[in-house]
Amino acid sequence: DDLSVRFGAFIENPFMFDPKVFGASVAEAVLMDPQQRMVLEMMEETISQVKAGDMWRGPEVGVFVGISTPDFADLAKTYSDISTYSATGSALSVAAGRPSFLYSLTGPAVSIDTACSSSLVGMHMASLSMVSNSCHASMISGIKLILTPDTSAMFNRAGMLTADGRCKTLDDKANGYVRGEAGVALYLEALSGTLVSDGTSIGIEAFVAGTAVNQDGKSSALTAPNGPAQQVVMRQALADAAIVVSAISFIQMHGTGTPLGDPIEVGAITAVHGSRKGTMSLVAGKTAFGHTEPAAGVLGVLHGYTACNKSVQQPI
């Protein structure tokens with residue numbers, strides 16, 4: 001019964017990897033969590049793009065990885081003996097440390113597990129690190145692979161997953177979400193005020209205007225959201241960005257498609273933004289990609305950005 005939910009959004013061939021490209025032996029690659037492999041692959045692809053300009057300068061680059069549920073640690077025990085690569089291959093901390101080692105990056109290297117907010121907290125930490133001059137640029141990524149059935153079974157028993165394979169955010173038929181796999185990477189660079197004001201001249205896709213992080217505190221249950229806390233963090237982010245409510249017309253929701261979470265989130269949005277005139281668009285990436293858990297934050301940022309009018313510079 002725990003595995004009666006059969007739906008998910010999966011990445012094809014997540015175990016495919018060329019160790020020579022990344023300076024690893026076959027013996028090491030076999031014991032390397034495929035989530036670590038994908039972080040390396042995403043960074044390599046991102047670097048190849050930003051190197052085209054003057055964006056990848058010097059070693060002081062931070063690496064922030066949203067990652068959780070180390071499925072591979074349990075999986076590896078079933079088909080491989082313990083070796084010198086067992087610890088580094090399965091440790092979540094190495095997901096951020098390995099690319100810093102490979103590319104000789106000396107900025108902060110942090111693996112973050114705050115559940116669904118992991119990669120967004122990574123973006124927040126990257127922004128703070130650049131403001132404090134701990135690094136001048138950052139790679140932010142979120143990664144999620146579903147390698148064992150255990151977590152799905154637990155979520156299904158808790159009533160979180162939908163049986164029909166559709167995440168129906170903001171629908172009165174919403175009955176849970178679909179788990180998904182994803183790998184997403186973003187490159188952020190600290191910019192001067194002059195560059196921000198004329199960002200289009202140097203090919204900037206978007207800029208992070210402000211960030212904020214808080215916690216639900218005491219709510220109805222450990223995993224239940226807290227509407228007032230959500231209101232607070234939205235107001236903090238607006239204040240950090242120096243943006244007034246009337247300037248916001250598009251919100252990328254957490255939007256899990258659950259009868260508990262969606263009404264609380266919409267209520268919080270209404271409390272903060274309800275006074276503005278005109279329409280407000282609410283979007284949830286989970287309706288397209290499923291819930292990718294630690295990767296959901298940065299995936300939502302990209303999904304929201306592509307849904308905006310690209311002809312206009314959009315703060316995110």
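In this predicted model, helix H9 (residues 227-241) and helix H10 cross at roughly 45 degrees, and their axes come within 9 Å. The two helices are therefore oblique to each other, and their crossing is right-handed. On the side of H9, the contact is made by Gly227, Gln230, Gln231, Met234, Arg235 and Leu238. H10 contributes Ile264, Glu265, Ala268, Ile269, Ala271, Val272 and His273. Sorted by class, the contact of H9 with H10 has seven nonpolar, four polar and two charged residues.

Helix H2 (residues 34-50) packs with helix H5 (residues 94-103) at an angle of about 45 degrees, and H2 passes H5 in a right-handed crossing. In this contact, H2 supplies Gln36, Val39, Leu40, Met43, Glu44 and Ile47, while H5 supplies Val94, Ala95, Arg98, Pro99, Leu102 and Tyr103. Nine of the residues in the contact of H2 with H5 are nonpolar, one is polar and two are charged.

Helix H6 (residues 118-131) and helix H12 (residues 296-307) pack at an angle of about 75 degrees. Angles of 65 to 115 degrees count as roughly perpendicular, and H6 and H12 are therefore roughly perpendicular to each other. Their contact is made by Ser119, Leu120 and Met123 of H6 together with Ala296, Gly297, Val298 and Val301 of H12. It comprises five nonpolar and two polar residues, with no charged residue.

| Helix pair | Angle | Axes |
|---|---|---|
| H9 and H10 | roughly 45 degrees | within 9 Å |
| H2 and H5 | about 45 degrees | 9 Å apart |
| H6 and H12 | about 75 degrees | 5 Å apart |

The largest nonpolar core has 29 residues, and Met43 and Val65 have the most contacts inside it. H2, strand E1 (61-66), H3, H5 and strand E3 (137-144) each supply at least two residues of this core. H2 gives the most, with seven residues. Apart from this core lies another, of 16 residues, among them Val121, Ile140, Leu186 and Val298. Val298 also belongs to the contact between H6 and H12.

Met43 links several of these descriptions. Leaving aside residues up to four places away in sequence, Met43 touches Val63, Pro99, Tyr103, Leu105 and Met139.

Helix H7 (residues 150-157) has the buried residues Thr151, Ser152, Ala153 and Asn156. What covers these buried residues includes helix H3 (71-77). After H7 comes Gly159, whose phi is positive, near 80 degrees.

Thr256 lies in the loop between strand E5 (250-252) and helix H10 (261-273). Is Thr256 buried or exposed? Its relative accessible area is 10%, and a residue under 20% counts as buried; Thr256 is therefore buried. Not counting residues up to four places away in sequence, Thr256 touches Cys167, Thr169, Gly176, Tyr177, Asp262, Lys286 and His291.

Technical notes: Residues are numbered from 1 along each chain as its sequence is written. This is a predicted model: local features need pLDDT of at least 70, side-chain atom pairs count only at pLDDT 80 or more; totals for chains, interfaces and linings use all residues. Side-chain values use heavy atoms; hydrogens and water are left out. Axes are lines fitted to C-alpha atoms, for helices over the stretch in contact, and angles run from 0 to 180 degrees between N-to-C directions. Helices (H or I, at least four residues) and strands (E, at least two) are DSSP runs, numbered from the N terminus. A crossing is left-handed if the near helix is turned anticlockwise from the far one by less than a right angle, and right-handed if clockwise. Contact means heavy atoms within 4.5 Å. Ala, Val, Leu, Ile, Met, Phe, Trp, Tyr, Cys and Pro count as nonpolar, Asp, Glu, Lys and Arg as charged, and the others, Gly among them, as polar. Buried means under 20% relative accessible area, exposed over 50%, partly exposed in between (1.4 Å probe, protein chains only). A nonpolar core is a set of buried Ala, Val, Leu, Ile, Met, Phe, Trp, Tyr and Cys residues joined through side-chain atoms within 4.5 Å. Angles under 35 degrees count as roughly parallel, over 145 as roughly antiparallel, 65 to 115 as roughly perpendicular and the rest as oblique.
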